[in-house]
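Visitor: I'm new to this one and would like to be walked through it slowly. Could you show me the structure before we start?

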Amino acid sequence: MAWRNAFLDPAQAGGWALLYNQQHFLADSNGVLFPRDWIKRQDLEIVGEQGIGYFGEDAVYLLQVKPSTQLEGCSWQSLRQFMLQGEAETFRMLAYAAQIGTWYAEHRFCGSCGAATRQLPGERAMRCDSCESQHYPRISPSMIVLVTRGDEVLLARSPRFVTGIYSTLAGFVEPGESVEHCVAREVREEVGVEVQNLQYIGSQGWPFPHSLMLGFHAEYAGGDIVMQEDEIEDARWFRVDDLPPLPASRSIARYLIDLYVACRLGLPEPELQA
Ligand SMILES: NC(=O)C1=CN([C@@H]2O[C@H](COP(=O)(O)OP(=O)(O)OC[C@H]3O[C@@H](n4cnc5c(N)ncnc54)[C@H](O)[C@@H]3O)[C@@H](O)[C@H]2O)C=CC1
Ligand SMILES: [Mg+2]
Ligand SMILES: [Zn+2]
């Protein structure tokens, strides 16, 4: 079943409901989608509602509820869990839903003047009538890069990672800089190394909470590894035939590594899950 984003009017009846709060969805043994009319008859406090698209032919609505919300036979499951284990189209739906949920939750009041906002009909925007501003979903461009040196790749550990896992370097683009500049700056800051011959590989929306990952391969150009305090716990060169535990297969971090390894070892190219 395929997921497709769309703008649906919540005034329409029917369809399916996702129950959302802070990067978590309520789920039972059938999954995350509940008959929406049935949900509306339950005694739940619904904070906000958006029509977000179609799962197959079925209309899907996102219902923001309180974190204390309980439904018989259901439990709260994290978006990260669906990223690690969920079916691909289900994860695409939940990734979009979570970003719409984050946007809505963070823009109920105007950041300029503090007045309450309202949802504009027909557009994904929160409108402040008091100062006439509009607030759209925020997307944070971030670079992610695999630094390579022949048969070796530079991988690092953040103290936030699961024990043992090594990954590519990543970082947020700063205001006014190009993504290329960001790659060179972040690599220099995090591991003290210079890079050259950047090659753009592809991108991935990353809903934790609203990054857009722009993925590169870059060749080592000079410098010894000097790790950034607090951000980087370990960084090393690994041979492509002797790699440590790597990030989740659905991540662009993993794709950048698998792609380079496949090229060096003459293996079939992996595919990036969008
Ligand atoms: N899809 C993938 O394969 C991967 C995705 N990522 C994502 O890339 C992003 C950037 O990676 P990091 O190394 O964590 O970034 P980073 O190297 O720029 O440092 C993280 C720090 O940036 C600050 N920060 C948080 N949100 C920010 C924002 N929106 N704009 C600017 N600064 C912000 C915080 O102080 C945070 O501790 C994160 O969202 C992370 O989840 C990281 C690795 C793999
Ligand atoms: Mg970083
Ligand atoms: Zn305002």
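This is a predicted model: local features need pLDDT of at least 70, side-chain atom pairs count only at pLDDT 80 or more; totals for chains, interfaces and linings use all residues.

Visitor: What about the phi of glutamate 132?

Guide: The phi of glutamate 132 is near 55 degrees, which is a positive value in a residue other than glycine. For background, most residues other than glycine have a negative phi. Aspartate 230 also has a positive phi, near 75 degrees, and this residue lies in the loop between E15 and strand E16 (234-239). With a relative accessible area of 67%, aspartate 230 is exposed.

Visitor: Switching to metals, which residues hold the zinc ion?

Guide: The zinc ion (ligand 3) has Cys110, Cys113, Cys128 and Cys131 as its protein donors, each through its SG atom, at 2.3 to 2.4 Å. Along the sequence these donor residues follow the spacing C-x2-C-x14-C-x2-C. Cysteine 110 sits in the loop between helix H3 (88-106) and strand E8 (118-119), while cysteine 128 belongs to strand E9 (residues 126-128), so this pair ties together parts that are 18 residues apart in sequence.

Visitor: And why is the arrangement around the zinc ion called tetrahedral?

Guide: The four donor atoms around the zinc ion (ligand 3) subtend angles of 101 to 117 degrees, and that makes the arrangement tetrahedral. As a reference, the ideal angle for four tetrahedral donors is 109.5 degrees.

Visitor: Are cysteine 110 and cysteine 128 buried or exposed?

Guide: Both cysteine 110 and cysteine 128 are buried.

Visitor: What are the protein donors of the magnesium ion?

Guide: For the magnesium ion (ligand 2) they are the O atom of Ala170 and the OE atom of Glu190, lying 2.2 Å from the ion. This pair links distant parts of the chain, since alanine 170 is in strand E13 (residues 169-172) and glutamate 190 is in helix H4 (residues 179-191), 20 residues apart. Glutamate 190 counts as buried because its relative accessibility is 6%, whereas alanine 170, at 31%, counts as partly exposed.

Visitor: Then there's ligand 1. Which residues come nearest to it?

Guide: Ligand 1 has 18 residues around it, of which Ala170, Glu190, Trp206, Ser211 and Ala253 come nearest. A backbone N or O atom of alanine 170 is 3.0 Å from an oxygen atom of ligand 1. The side chain of arginine 160 has an N or O atom 3.3 Å from an oxygen atom of ligand 1, and the side chain of serine 140 has one 3.5 Å from a nitrogen atom of the ligand. Taken alone, ligand 1 exposes 850 Å², and the protein buries 63% of that.

Visitor: One more residue: what does the side chain of arginine 157 reach?

Guide: The side chain of arginine 157 reaches the backbone oxygen of isoleucine 165, at 2.9 Å. Arginine 157 lies in strand E12 (residues 152-157), and at 8% relative accessibility it counts as buried. Leaving aside residues up to four places away in sequence, arginine 157 touches several others, including Tyr166, Glu231 and Asp234.

Visitor: And where is the cis peptide bond?

Guide: It joins phenylalanine 208 and proline 209, with omega at about 0 degrees, and proline 209 is in the loop between strand E14 (194-206) and strand E15 (211-222).

Technical notes: Residues are numbered from 1 along each chain as its sequence is written. Chains are lettered from A and ligands numbered from 1 in the order in which they are written. Side-chain values use heavy atoms; hydrogens and water are left out. Helices (H or I, at least four residues) and strands (E, at least two) are DSSP runs, numbered from the N terminus. Buried means under 20% relative accessible area, exposed over 50%, partly exposed in between (1.4 Å probe, protein chains only). A polar contact is a pair of N or O atoms within 3.5 Å; within protein, one must be able to donate a hydrogen and the other to accept it, and residues adjacent in sequence count only if both atoms are side-chain atoms. Contact means heavy atoms within 4.5 Å. Donors are N, O and S atoms within 2.8 Å of the metal (3.2 Å for Na, K and Ca); water is not among the atoms, so sites may look incomplete. Four donors count as tetrahedral if all angles lie between 85 and 135 degrees; four count as square planar and six as octahedral if opposite donors are over 155 degrees apart and all others between 65 and 115; anything else is irregular. A residue is near a molecule or strand if one of its heavy atoms lies within 4 Å of it. Accessible areas come from the Shrake-Rupley method with a 1.4 Å probe; for residues, only the protein chains shown count as cover.
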